[in-house]
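Subject: A structure for you to look at

Hello! Here is the structure I promised to pass on, and below it I have written down what was found. Please open it beside this email as you read.

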Amino acid sequence: MTVCYTWFHERFRVLPADASDETVRIYARAYILMLLSSQLFADKNANRVHLRWLPYLASLDDLGRYSWGSAALACLYRCLCRGTNRNVVNLAGPLQLLQSWIFLRFSTLRPTGFDRFGFPLASRWANFMPRNDAGAQRLVSARLALDRLRVHDVSHLFIADT
């Protein structure tokens, strides 16, 4: 079951100034629900907020007991596996996670000027806004950089750090 993103955004966009503690908790749940549905576990239905996450939000105190990072990574792996099917034309999942991993591990694909470190790691590329007029050239450059990768450029990426 899903709810239209625009309704959800209009309903929970601004917390009332005189909000009670319970209203603040409701708005916090709504915000977390939107993050789960649109960022961590995004699907191809980008204009809807999925309500399957509501049971996890019943108690805000219990949210820290779940392994959200592991679940998001498993979701990404599942989406990447589905994306290898011949008839798939769109990719879903936490693609910001994939993009930040690519930028971290493949310096040749990293946007220029984004070598500073911060926490969380993906925040260093948060302000990256590529220009649309050079999109075709960026695609050609990225494909060329991938074509030029050698075995030793990639093999160390999959060896666990000790």
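**What was found**

The buried residues of helix 3 are covered by elements that include helix 2 (21–40) and helix 4 (95–105).

A word on the basis before we go on. This is a predicted model, in which local features need pLDDT of at least 70 and side-chain atom pairs count only at pLDDT 80 or more, while totals for chains, interfaces and linings use all residues. Residues are numbered from 1 along each chain as its sequence is written, and side-chain values use heavy atoms, with hydrogens and water left out.

**The whole chain**

The protein chain has six helices and two strands; these are DSSP runs numbered from the N terminus, with helices being H or I of at least four residues and strands being E of at least two. Read from the N terminus, the order is β-α-α-β-α-α-α-α. Of the 162 residues, 22% are buried. Here "buried" means under 20% relative accessible area, "exposed" means over 50%, and "partly exposed" lies in between (1.4 Å probe, protein chains only). The chain's accessible surface is about 12000 Å², and 58% of that belongs to carbon and sulfur atoms; the areas come from the Shrake-Rupley method with a 1.4 Å probe, and for residues only the protein chains shown count as cover.

**Helix 3**

Helix 3 covers residues 68–83 and includes Tyr77. (The expected span is 1.5 Å times one less than the number of residues.) Which residues of helix 3 are buried? They are Trp68, Ala72, Cys75, Leu76 and Cys79. These residues cover an arc of only 100° around the axis, so they sit on the same side of helix 3; the arc is that of the directions from the helix axis to the C-beta atoms.

**Helix 2**

Helix 2 has 20 residues and reaches 27 Å from its first C-alpha to its last, close to the 28 Å expected. Its buried residues are Tyr27, Ala30, Leu33, Met34, Leu36 and Ser37, and they pack against helix 1 (5–12), strand 2 (48–50) and helix 3. Take Ser37 as an example: its relative accessibility is 7%, so Ser37 counts as buried. Leaving aside neighbours within four places in sequence, Ser37 is in contact (heavy atoms within 4.5 Å) with Ala42, Asp43, Arg48, Val49, His50 and Trp53.

**Salt bridges**

Side chains of opposite charge can pair when their charged atoms come close. The structure holds two salt bridges, a salt bridge being a side-chain nitrogen of Lys or Arg within 4 Å of a carboxyl oxygen of Asp or Glu. Glu22 and Arg25 form one of them, at 3.1 Å from N to O. Both lie in helix 2, three residues apart, about one turn of the helix. Arg65 pairs with Asp62, where the closest N and O atoms are 3.0 Å apart. Arg65 is exposed, with a relative accessible area of 69%, whereas Asp62 is partly exposed at 27%.

Happy exploring!

How values were computed:
Expected span 1.5 Å × (residues − 1).
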